[in-house]
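Hi there,

Here is the structure I promised to pass on to you. Please have a look at it first, and then read on for my notes.

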Amino acid sequence: MKIYSWNVNGIRAVANKGELDNFFDKFDPEILCIQETKAQAEQIADTLLQREGYHSYIMDAQKKGYSGVLVYTKAEALSVRNCGVDDFDNEGRYIELEFPDFTLINCYFPNSQDKGKRIDYKIAFNEMLRTRTDELTALGVNVVVTGDYNVAHNEIDLKNPKTNTKNAGFLPEEREWMSKFLAGGMVDTFRYLYPEEVKYSWWSYRFQAREKNTGWRIDYFCINELLKPQLVDAQIHNDVFGSDHCPVSVELKI
């Protein structure tokens, strides 16, 4: 099974560019997790929510044009839930789908913002997620957590680590939480398979950052340790355009 994840930075924009159809035509994903839809369900054309051959599940933000997560899946989910915390669900940051062999969590992690203005909010969201993954794995449930984590974990994960130590996405608190999340039994699939590979998933729209490959790796697929023997591959698809992020994927023997 191949699962893809993509922060589209506005689903209507990427669809209008034709890039969403191009993606489906090229990859034919069994599951596609989308972050930052920037649209409420009623604002999205039926053709986007009712794609042939797929079930779609959306959690949107109360604020129009903001945040939001969506999952397309060929297999119908057994159950679907949000995280149950109003502060996070009101921003459309979390959707959880139960399948027979695993539970999929698609998240749009908060940005800690300039001078760490939202770092407390972000760490609270992260801790909610960690508590939930701990609950599921304690029950013997395999877990896949994907999305825009909004953090570059280590220096290898961004082009200019030395000049970004005080910037959102590379703050010590964010990186420490990611280390704790992984030490607690989760696996960063791409870095596990490719410990030395330098590859990015997000580039600023400024300063020709993508052309110069001045990027950050902030989009992840993490799985629990017991699922690791089922891991086949993890990729970052730099050749897909339409957003300031590119898609990432994981292949599992499920």
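Let me begin with Asn 150. Setting aside residues up to four places away in sequence, Asn 150 makes contact with Tyr 108, Phe 109, Pro 110, Asn 111, Lys 122, Gly 169, Glu 174 and Ile 218. Asn 150 belongs to the loop that joins strand 8 to helix 6. Is Asn 150 buried or exposed? Its relative accessible area is 10%, so it counts as buried, the cut-off being under 20%. Do keep in mind throughout that this is a predicted model.

Two of those partners lead on to other parts of the model. Asn 111 is one of the residues closest to the centre of the largest pocket, and Lys 122 is among the buried residues of helix 5.

The pocket first. The largest pocket has a volume of about 850 Å³. Its lining is made up of 35 residues, and the closest to the centre are Asn 111, Ala 168, Trp 202, Ser 204 and Trp 216. Helix 8 (209-212) and strand 11 (215-216) each contribute at least two residues to that lining. By class, the lining of the largest pocket has eleven nonpolar, 15 polar and nine charged residues.

Now helix 5, which covers residues 119-138. With 20 residues, helix 5 spans 28 Å from its first C-alpha to its last, close to the 28 Å expected at 1.5 Å a residue. Which of its residues are buried? They are Ile 119, Tyr 121, Lys 122, Phe 125, Asn 126, Met 128, Leu 129, Arg 132, Thr 133 and Leu 136. These buried residues pack against strand 5 (79-81), helix 4 (86-89), strand 6, strand 7, strand 8 (143-148) and helix 6 (172-183). After helix 5 comes Gly 140, with a positive phi near 85°.

On to the nonpolar cores. The largest has 30 residues, and those with the most contacts inside it are Ile 3, Ile 31, Leu 104, Val 144 and Leu 252. Strands 2, 3, 4, 6, 7, 12, 13 and 14 each give two or more residues to this core. Another core lies apart from it, with 22 residues that include Cys 107, Phe 109, Phe 125 and Val 145. In soluble globular proteins, nonpolar side chains tend to be buried together.

Ile 31 and Glu 30 can be read side by side. Beyond its neighbours within four places in sequence, Ile 31 is in contact with Met 1, Lys 2, Ile 3, Tyr 4, Val 71, Tyr 72, Thr 73, Phe 99, Phe 102 and Leu 104. Glu 30 sits in the loop between helix 2 (19-27) and strand 2, and is partly exposed at a relative accessible area of 34%. With residues up to four places away left out, Glu 30 touches Met 1, Lys 2, Tyr 54, Tyr 72, Thr 73 and Lys 74. From Glu 30 to Tyr 4 the C-alpha distance is 8.2 Å, while the two are 26 residues apart in sequence.

Cys 222 lies in strand 12 and is buried, at 0% relative accessibility. Its C-alpha atom is 5.1 Å from that of Val 187, a residue 35 places away along the chain. Not counting residues up to four places away in sequence, Cys 222 touches Val 143, Val 144, Val 145, Tyr 149, Met 178, Phe 181, Leu 182, Met 186, Val 187 and Asp 188.

Helix 7 (189-193), strand 12, strand 13 and strand 14 each give two or more residues to its lining, which has six nonpolar, three polar and three charged residues.

Finally, some backbone angles to look at. Most residues other than glycine have a negative phi. Lys 115, however, has a positive phi of about 60°; it is in the loop between strand 7 and helix 5 and is exposed, at 77% relative accessibility. Phe 207 likewise has a positive phi of about 60°. Phe 207 is placed in the loop between strand 10 (202-203) and helix 8, and it is exposed, with a relative accessible area of 64%.

Best wishes

Terms used. Residues are numbered from 1 along each chain as its sequence is written. This is a predicted model: local features need pLDDT of at least 70, side-chain atom pairs count only at pLDDT 80 or more; totals for chains, interfaces and linings use all residues. Side-chain values use heavy atoms; hydrogens and water are left out. A nonpolar core is a set of buried Ala, Val, Leu, Ile, Met, Phe, Trp, Tyr and Cys residues joined through side-chain atoms within 4.5 Å. Buried means under 20% relative accessible area, exposed over 50%, partly exposed in between (1.4 Å probe, protein chains only). Helices (H or I, at least four residues) and strands (E, at least two) are DSSP runs, numbered from the N terminus. Contact means heavy atoms within 4.5 Å. On a 1 Å grid over the protein atoms alone, a cavity is a set of points where a 1.4 Å probe fits but cannot get out, and a pocket is an open set with protein on both sides within 12 Å along at least five of seven lines; lining residues have an atom within 4 Å of a point. Grid points are joined across faces, edges and corners, and a volume is the space filled by probe spheres set on the points. Ala, Val, Leu, Ile, Met, Phe, Trp, Tyr, Cys and Pro count as nonpolar, Asp, Glu, Lys and Arg as charged, and the others, Gly among them, as polar. The expected span of a helix is 1.5 Å times one less than its number of residues.
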